[in-house]
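The notes below take them in turn.

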Amino acid sequence: MTGDIDFHSAQDAANLGLSIVDPGHHIERIMVGGVRERLEKDAEKAGISCGFIESAIVTEPFKFM
């Protein structure tokens with residue numbers, strides 16, 4: 001899994017019978033809430049008292065239309 005693979009590397013991988021997942025940069029935005037929830041559960045299980053805040057900062061430079 002990668003966020004950035006060039007065309008020829010993808011071709012090489014295909015020729016070798018390898019599978020590559022390339023969802024692109026910034027795909028992590030869809031996981032922020034789930035990761036926060038997981039960290040909260042793991043911290044609670046471990047007896048750690050702390051909070052986790054989801055970042056609202058968006059660094060995606062592209063606008064899709």
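## How exposure is judged

Buried means under 20% relative accessible area, exposed means over 50%, and partly exposed lies in between. Take E40 as a case: its relative accessible area is 32%, so E40 is partly exposed. Keep in mind that this is a predicted model.

## Salt bridges around R36

How many salt bridges are there by the rule used here? The count comes to four. R36 takes part in a network of salt bridges with E37, E40 and E54.

Start with E40. The side chains of E40 and R36 meet in a salt bridge, at 3.0 Å from N to O. Both residues sit in helix α2, four residues apart. They are therefore separated by about one helical turn.

Now turn to E54. A salt bridge joins the side chains of E54 and R36, with an N to O distance of 2.6 Å. This pair links distant parts of the chain. E54 lies in the segment after α2, R36 lies in helix α2, and the two are 18 residues apart.

E37 also pairs with R36. Their side chains form a salt bridge at 3.9 Å, N to O.

## How exposed are the partners?

Is R36 buried or partly exposed? R36 has 21% relative accessibility, so it counts as partly exposed. The cut-off for buried is under 20%.

E37 is partly exposed too, with a relative accessible area of 40%. E54 has 36% relative accessibility and also counts as partly exposed.

## A patch of negative charge

Which residues gather in a patch of negative charge on the surface? They are D4, D6, D12 and D22.

Look at D22 within this group. D22 is in the loop between α1 and α2. Its relative accessible area is 37%, so D22 is partly exposed. A residue needs over 30% relative accessible area to join a patch, and D22, at 37%, passes that cut-off.

## A nonpolar patch

The surface also has a nonpolar patch of about 460 Å². I27, I30, M31, V35 and L39 make this patch.

Where is M31 placed? M31 is in the loop between α1, residues 7-15, and α2, residues 32-45. M31 has a relative accessible area of 48% and is therefore partly exposed. The cut-off of over 30% applies to this patch as well, and M31 passes it with 48%.

Note on methods. Residues numbered from 1 in each chain as written. Predicted model: local features only at pLDDT ≥ 70, side-chain atom pairs only at ≥ 80, totals over all residues. Heavy atoms only, no water. Patch = residues over 30% accessible without salt bridge, like charges linked within 9 Å, V, L, I, M, F, W, Y side chains within 5 Å. Areas by Shrake-Rupley, 256 points an atom, 1.4 Å probe, with all protein chains shown as cover. Buried < 20%, exposed > 50% of the residue type's maximum accessible area, 1.4 Å probe, protein only. Lys, Arg positive; Asp, Glu negative; His and termini not counted. Charge placed at Lys NZ, Arg CZ, Asp CG, Glu CD.
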